[in-house]
Amino acid sequence: MKIFVDADACPVVDIVEQIADSHHIPVTLLCDTNHVLRSDYSEVIVVGAGADAVDYKLISLCKRDDIVVTQDYGVAAMAFGKGAAAIHQSGKWYTNENIDQMLMERHLNRKARRSSHRNHIKGPKKRTVEDDERFHDSLERLIQARLKDIT
């Protein structure tokens with residue numbers, strides 16, 4: 001098992017590394033040339049800044065039983081196709097039961113933005129300690145579940 005993080009502007013990298021280290025799970029952080037990262041724990045892969053380049057590289061690397069940390073529903077859906085688990089930085093697990101609805105909502109929201117000519121949308125609200133704790137607990141549970149499935 002490995003953990004792959006879609007790390008462009010990802011606020012939970014430190015939490016992922018802390019938990020992964022406690023379980024001796026390797027982590028790979030993927031980012032584009034606009035978000036170059038450094039890590040003492042994780043392997044860092046820097047990908048060209050092309051559209052979706054990080055997403056495609058991440059999917060090409062992940063395998064069955066890996067965990068993908070991403071806020072991109074499309075990446076999560078592709079990870080499922082490879083037998084990997086996926087978790088959002090909020091701590092929400094992507095599942096076969098919720099991914100189709102999430103993809104449809106993303107499509108409808110994008111369509112609504114295009115039709116209203118609104119190009120600027122608000123960014124995410126500021127993360128709280130509770131958000132970090134929720135992600136920490138959720139990732140810990142996901143790792144435990146995956147380890148149980150593997151053995």
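**Loops, cores and helix packing in a predicted model**

Ala-9 lies in the loop that joins β1 to α1, where helices (H or I, at least four residues) and strands (E, at least two) are DSSP runs numbered from the N terminus. The structure is a predicted model, in which local features need pLDDT of at least 70 and side-chain atom pairs count only at pLDDT 80 or more, while totals for chains, interfaces and linings use all residues. Residues are numbered from 1 along each chain as its sequence is written, and side-chain values use heavy atoms, with hydrogens and water left out.

The phi angle of Ala-9 is near 55 degrees, a positive value in a residue other than glycine. With a relative accessibility of 59%, Ala-9 counts as exposed, the classes being buried for under 20% relative accessible area, exposed for over 50% and partly exposed in between (1.4 Å probe, protein chains only). A positive phi is also found at Asp-52, near 65 degrees and again in a residue other than glycine; Asp-52 belongs to the loop between β3 and α2 and is partly exposed, at a relative accessible area of 41%. Most residues other than glycine have a negative phi.

The chain contains five helices and six strands, arranged along the sequence in the pattern β-α-β-β-α-β-α-β-β-α-α. Of its 151 residues, 38% count as buried. Where contacts (heavy atoms within 4.5 Å) join residues at least 6 apart in sequence, 47% of them link residues at least 24 apart.

The largest nonpolar core comprises 21 residues, of which Ile-3, Val-5, Val-16, Ile-67, Val-69, Phe-135 and Leu-139 touch the most other members; such a core is a set of buried Ala, Val, Leu, Ile, Met, Phe, Trp, Tyr and Cys residues joined through side-chain atoms within 4.5 Å. At least two residues of this core come from each of β1 (3–6), α1 (13–23), β2 (27–32), β4 (67–69), β5 (85–87) and α5 (129–150), and α1 gives the most, with five residues. Val-16 touches Ile-3, Val-5, Val-27, Val-69, Phe-135 and Leu-139, when residues up to four places away in sequence are not counted. A second, separate core of 15 residues includes Leu-30, Val-47, Leu-58 and Val-68.

In helix α2 (residues 53–61), the buried residues are Val-54, Asp-55, Leu-58 and Ile-59. Viewed down the axis of α2, these buried residues fall within an arc of 130 degrees and so line one face of the helix, the arc being that of the directions from the helix axis to the C-beta atoms. The buried residues of α2 pack against β1, β2, β3 (43–47), β4 and α3 (73–81).

The axes of α2 and α3 come within 10 Å and cross at roughly 15 degrees, with axes taken as lines fitted to C-alpha atoms over the stretch in contact and angles running from 0 to 180 degrees between N-to-C directions. This makes α2 roughly parallel to α3, a term applied to angles under 35 degrees. The contact is formed by Asp-55, Tyr-56, Leu-58 and Ile-59 of α2 together with Val-75, Met-78 and Ala-79 of α3.

Lys-82 is placed in the loop between α3 and β5 and is partly exposed, at 32% relative accessibility. Its C-alpha atom is separated by 8.1 Å from that of Ile-59, 23 residues apart along the chain. Apart from residues up to four places away in sequence, Lys-82 touches Ile-59, Ser-60, Cys-62, Lys-63 and Arg-64.

Technical notes: Angles under 35 degrees count as roughly parallel, over 145 as roughly antiparallel, 65 to 115 as roughly perpendicular and the rest as oblique.
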